[in-house]
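User: I've got this structure open and I'd like to go through it with you. Can we take it piece by piece?

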Amino acid sequence: MDLKYANENHSTIINQKDGVVFLTFPKLVEAGVIHGFSTRIGGVSEGCFSSMNLSFTRGDDPKKVAQNFRRIGDAIGFDAKDLVLSSQVHETKIRPVTKKDRGDGIIRETVPGIDALVTDEPGVPLYTSYADCVPLLFFDPEHRVIGMAHSGWRGTVAKIGAKFVRYLEEHYGTKPENIVAAIGPSICRDCYEVGEEVAEEFCRVFDKEEIPLLMDKKENGKYQLDLWKANELILTGAGIRKENLDITDICTCCNSDVLFSHRASNGHRGNLGCFMYLDK
């Protein structure tokens, strides 16, 4: 699989098993966390969903989606029927889940309005979905806690990443400096044009000296927005050490042939999945 990289960071590992291609992050791999970010490769869906669509809500054949989940689960290393799915609405609600929640979103409805999942129980695979927004992955090696947050521009402005770190501190005793984290594949600065309204929101919540790092104003009055840098600032500002953070160098829009991108496809697409799992 050929990927276009946005910089020289190359903070992802390409994995393939039984025809399924997925991405992992070096620092989480080194920490022993089972995880993965899907690509479009290795599923059974067709047309604009081709081929590894991981969403039941885009109009794809549910039987094919279920088969895709089984395939990605087998490749990464969990049982798909145990998955807990998020139901994202671009807000900041965090849901703690346990073994009793296994199957939510796969064999029954899941809790609505959730953009982040967390667990300290082995045997509970977590799923969040993407098609340009930013996946944030967290692991506390001391207390054996994993979690993910979905951070589009609204979640980024609301600093869901910092909220997640505080949640780990308050509920699990996590020390932010111990967290191993990743900012996953999503839309890059060059591809993400936004209007004045979105730019104003970022100017409202980020320091003035940070804004040039996040946005370039164009002659047409639009802005190029860097969600990767914004989330890096949020996570490091919340106490995560830079040396414990993998930052993506893969843009979903630039690589829309192998990754689903809402912007590149004008909304005619499936969903990518991000997964984390504690096996023991």
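User: Which residue of β14 does Ala182 stand opposite?

Analyst: Quick background: this is a predicted model, where local features need pLDDT of at least 70, side-chain atom pairs count only at pLDDT 80 or more, and totals for chains, interfaces and linings use all residues. Residues are numbered from 1 along each chain as its sequence is written, and side-chain values use heavy atoms, with hydrogens and water left out. Strands (E, at least two residues) and helices (H or I, at least four) are DSSP runs numbered from the N terminus, and two strands pair if DSSP finds at least two bridges between them. Strand β10 (residues 180–183) runs parallel to β14, with 3 bridges joining them, and the residue of β14 opposite Ala182 is Asp246.

User: In what order do the 6 strands of the open sheet come?

Analyst: As a reminder, strands of a sheet pair through backbone hydrogen bonds, either parallel or antiparallel. Here the pairing is mixed, and the order is β5-β6-β9-β8-β10-β14.

User: Why is one side of β5 and of β14 left without a neighbour in the sheet?

Analyst: β5 and β14 (245–247) each have a single partner strand, so one side of each has no neighbour in the sheet. In other words, both stand at the edges.

User: By how many degrees are neighbouring strands of this sheet turned against each other on average?

Analyst: The angles rest on axes, which are lines fitted to C-alpha atoms (for helices over the stretch in contact), and run from 0 to 180 degrees between N-to-C directions. For neighbouring strands of this sheet direction is ignored, and the average turn is 10 degrees.

User: Which strands does helix α7 touch?

Analyst: Contact means heavy atoms within 4.5 Å. Helix α7 (residues 227–237) packs on the sheet, and its direction makes about 25 degrees with that of β8. The strands touched by α7 are β8 (134–140), β9 (145–151), β10 and β14.

User: Is β9 largely enclosed or exposed?

Analyst: Buried means under 20% relative accessible area, exposed over 50%, and partly exposed in between (1.4 Å probe, protein chains only). Val145, Gly147, Ala149 and Ser151 point one way from β9, with Ile146, Met148 and His150 pointing the other way, and all are buried. That's 7 of the 7 residues, so β9 is largely enclosed.

User: Which residue of β9 does Phe138 stand opposite?

Analyst: β8 and β9 run antiparallel, joined by 7 bridges. β6 is also antiparallel to β9, through 4 bridges, and there Val118 stands opposite Gly147. The residue of β9 opposite Phe138 is Gly147.

User: Which residue takes a positive phi in the hairpin of β8 and β9?

Analyst: That hairpin has 4 residues between the strands. The phi in question is near 55 degrees, and the residue is Arg144.

User: Is Asp104 buried or exposed?

Analyst: Asp104 is found in the loop between β5 (94–96) and β6 (116–119). Leaving aside neighbours within four places in sequence, Asp104 has contacts that include Leu83, Arg95 and Glu109. With a relative accessible area of 7%, Asp104 is buried.

User: Which residues does the cis peptide bond with omega of about -10 degrees join?

Analyst: One of the pair, Ser51, lies in the loop between β3 and α2 (62–76). The bond joins Ser50 and Ser51.

User: Is Asn266 buried or exposed?

Analyst: Asn266 sits in the loop between α8 (262–265) and β15 (272–277). Although not a glycine, Asn266 has a positive phi of about 55 degrees. At 65% relative accessibility, Asn266 counts as exposed.
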